Amino acid sequence: MSYEEKNTWAFGVIAVVGYGIYWCILLPLIAQTPIPETPYVLPMIGTIVGAIVAGIFTGIGLGIFSRDRTKADQRDKEITRFGEQIGSSFIVLGGLGALVLAWVDADTFWIANVLYLGFVLSAVLSVIARLVAYGRGLHAW
Amino acid sequence: MVKPTQVTNTIRAHRFAHGEMTQADLAERVGVTRQTVIAIEQGRYSPSLEMAFQIARVFGRQLDEVFQYTAE
């Protein structure tokens with residue numbers, strides 16, 4: 001498994017774990033306070049920043065222990081682009097969902113969470129598409 | 001999801017004809033990862049035209065001696 005493929009796995013795991021941690025922190029808070037007053041901002045920022053930091057350190061760690069290090073070749077770049085194309089659909093859906101919620105004056109809690117969910121689903125779908133491309137192949141011709 | 005390629009290749013045979021060149025050696029000379037060479041050999045990845053020329057050049061062959069197109 002190449003460095004880029006390992007990094008893709010790590011990216012997917014971090015995205016899912018980060019989102020899981022967010023809800024583990026949020027659910028007890030929701031149980032105590034009404035949803036519009038739930039202090040979701042800090043847990044959201046914390047898990048997003050935490051996921052970014054974890055991604056950076058995991059990338060460095062994998063780079064140290066991988067023989068091919070950070071060498072991303074043409075195939076890796078094409079697979080990354082393919083994954084991003086697939087994943088971007090959920091960014092659009094998340095944005096549309098947030099737009100609709102803004103139109104109906106929904107609470108910012110819901111708007112922010114729909115956007116966050118869109119980002120996470122986009123990342124997960126992108127990772128799945130990339131892993132399938134690594135496993136089954138990608139044909140340029 | 002991914003349409004199987006109709007471009008086949010004889011990289012493996014050329015590697016063995018060139019002093020049993022390893023996939024890692026070929027990867028190094030073309031500037032890609034070993035996994036990419038494996039994927040090309042197994043028909044799981046069609047390289048760009050430029051990469052295909054680079055691979056053929058490593059073996060001192062013409063492009064169509066290394067890569068073949070099998071029409072339906």
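Predicted model: local features only at pLDDT ≥ 70, side-chain atom pairs only at ≥ 80, totals over all residues.
Local features are reported at pLDDT of at least 70 and side-chain atom pairs only at pLDDT 80 or more, while totals for chains, interfaces and linings use all residues. Residues are numbered from 1 along each chain as its sequence is written, and chains are lettered from A and ligands numbered from 1 in the order in which they are written.

Chain A contains 4 helices and 1 strand; here helices (H or I, at least four residues) and strands (E, at least two) are DSSP runs, numbered from the N terminus. Read from the N terminus, the elements of chain A follow the order α-α-α-α-β. The C-alpha trace of chain A spans about 50 × 35 × 20 Å along its principal axes. Of the 141 residues in chain A, 28% are buried. A residue is buried if 20 or more other C-beta atoms, placed from the backbone, lie within 10 Å of its own. Two residues are in contact if their C-beta atoms, placed from the backbone, lie within 7 Å. Among contacts in chain A between residues at least 6 apart in sequence, 78% join residues at least 24 apart.

Chain B has 5 helices and 3 strands, arranged from the N terminus as β-α-α-α-β-α-α-β. The radius of gyration of chain B, taken over C-alpha atoms, is 12 Å, close to the 11 Å that the globule rule gives for 72 residues, so chain B is as compact as a globular protein of that length. That rule is 2.2 Å times the number of residues to the power 0.38. Along its principal axes, the C-alpha trace of chain B spans about 35 × 25 × 20 Å. Buried residues account for 28% of the 72 residues of chain B. For contacts in chain B between residues at least 6 apart in sequence, 55% join residues at least 24 apart.

Two helices of chain B illustrate how elements pack. Helix α2 (residues 23-30) of chain B packs against helix α4 (residues 49-58) of chain B at an angle of about 120°, with their axes 10 Å apart. Axes are lines fitted to C-alpha atoms, for helices over the stretch in contact, and angles run from 0 to 180 degrees between N-to-C directions. This angle makes α2(B) oblique to α4(B); angles under 35 degrees count as roughly parallel, over 145 as roughly antiparallel, 65 to 115 as roughly perpendicular and the rest as oblique. On the side of α2(B), the residues B:Leu26, B:Arg29 and B:Val30 meet B:Met51, B:Gln54, B:Ile55 and B:Val58 in α4(B).

How values were computed
Buried ≥ 20, exposed ≤ 12 C-beta atoms within 10 Å, placed from the backbone.
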